Amino acid sequence: YMAGTASGTSLSLDTSAGHIVFDGNQAGSNANSLYLDKNVAVNVSGSGRYNVYFNDPLTGGTEGGNSFNKAGEGFVQFNGDNVLNAGGAGGLVNVTGGVFRVVGGASFSDNGTGGSFVLGQGATLAGGGTLKSDSFIISGILSPDADTFIKPEGVGGGSVDPANDQVATGKEIATLTIKGNTTLNVAPRNVDLGGSGTDDLV
């Protein structure tokens, strides 16, 4: 639970030393990794091949103002129905490095007013699922694929330590749905056109 203040607060998730996994957590009877009250900035960063796994979805409060920032290497992966802001003022999702991944039909929504999702050059939006915000500015790579990386070795029953792979390998193309006013700034797309697991840049 991250209690927010009028001036804002932040949570930093740094993967430089290892994977960060949210798995098996609950709020009441519902799976929940983090509850963001209001005006909370979640900052994900890292300098190595390690990643952040939201196997339990995150939820936000109705007053809004929450934001999510992804910088550095590695990926952040979301399962389930994730809500950054359930109401109030929308926030900023700013992806400047690595991969922002929704898998298995997961969703990541900002239901606040005036929210925006910015994918910078060199960053990747990947997976199969739905993203919702009032506006999207896409300058990085779109990679709609069916990859779902499993839990790291030794964490929550995981058995394989996944490589820091930013595009689909040996999986079929998936559907990546963006709901909101979208600006594509010459965004390249990685798709498996040949069905052999090799990616083609479009």
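These are my notebook entries on a predicted model of one protein chain.

**Entry 1: confidence**

I looked up pLDDT before anything else. The protein chain averages 85, and 82% of the residues score at least 70. Over residues 162–170, pLDDT stays under 50. The model still gives residues 162–170 35 contacts beyond four places in sequence. Where pLDDT is low, predicted coordinates should not be read in detail.

**Entry 2: salt bridges**

How many salt bridges does a search of the whole structure find? I get two.

I took the Lys38 pair as one entry. Its side chain meets that of Glu63 in a salt bridge, 3.5 Å from N to O. Lys38 sits in the loop between strand 5 (35–36) and strand 6 (40–45), and Glu63 in the loop between strand 8 (59–60) and strand 9 (67–70), so the pair ties together parts that are 25 residues apart in sequence. I also looked up the accessibility of Lys38. It counts as partly exposed because its relative accessibility is 21%, and the buried class requires under 20%.

I then went to Arg101 and Asp145. Their side chains form a salt bridge at 2.8 Å, N to O. Arg101 belongs to strand 13 (residues 99–110), whereas Asp145 is in the loop between strand 16 and strand 17 (176–184), so this pair links parts 44 residues apart in sequence. Are Arg101 and Asp145 buried or exposed? Both are buried.

**Entry 3: Ser143, beside the Asp145 site**

I followed Asp145 to another partner. The side chains of Ser143 and Asp145 are joined by a polar contact of 3.1 Å. Ser143 lies in strand 16, residues 141–143. Ser143 counts as buried because its relative accessibility is 0%. I note that Asp145 therefore has a salt bridge to Arg101 and a polar contact to Ser143.

**Entry 4: Asn39**

I returned to the loop that holds Lys38. Asn39 lies there too, between strand 5 and strand 6. Its phi is near 55 degrees, a positive value in a residue other than glycine. Asn39 is partly exposed, with 26% relative accessibility.

**Entry 5: Ser12**

Ser12 lies in strand 1, residues 9–14. Is Ser12 buried or exposed? Ser12 is exposed, because its relative accessible area is 55% and the exposed class starts over 50%. I also took a C-alpha to C-alpha distance. Ser12 and Val44 are 6.0 Å apart in space, yet 32 residues apart in sequence.

Technical notes. Residues numbered from 1 in each chain as written. Predicted model: local features only at pLDDT ≥ 70, side-chain atom pairs only at ≥ 80, totals over all residues. Heavy atoms only, no water. pLDDT = per-residue confidence, 0-100. Contact = heavy atoms within 4.5 Å. Helix = DSSP H or I, 4+ residues; strand = E, 2+ residues; numbered from the N terminus. Buried < 20%, exposed > 50% of the residue type's maximum accessible area, 1.4 Å probe, protein only. Polar contact = N/O pair within 3.5 Å; in protein donor to acceptor, adjacent residues only side chain to side chain. Salt bridge = Lys/Arg side-chain N within 4 Å of Asp/Glu carboxyl O.
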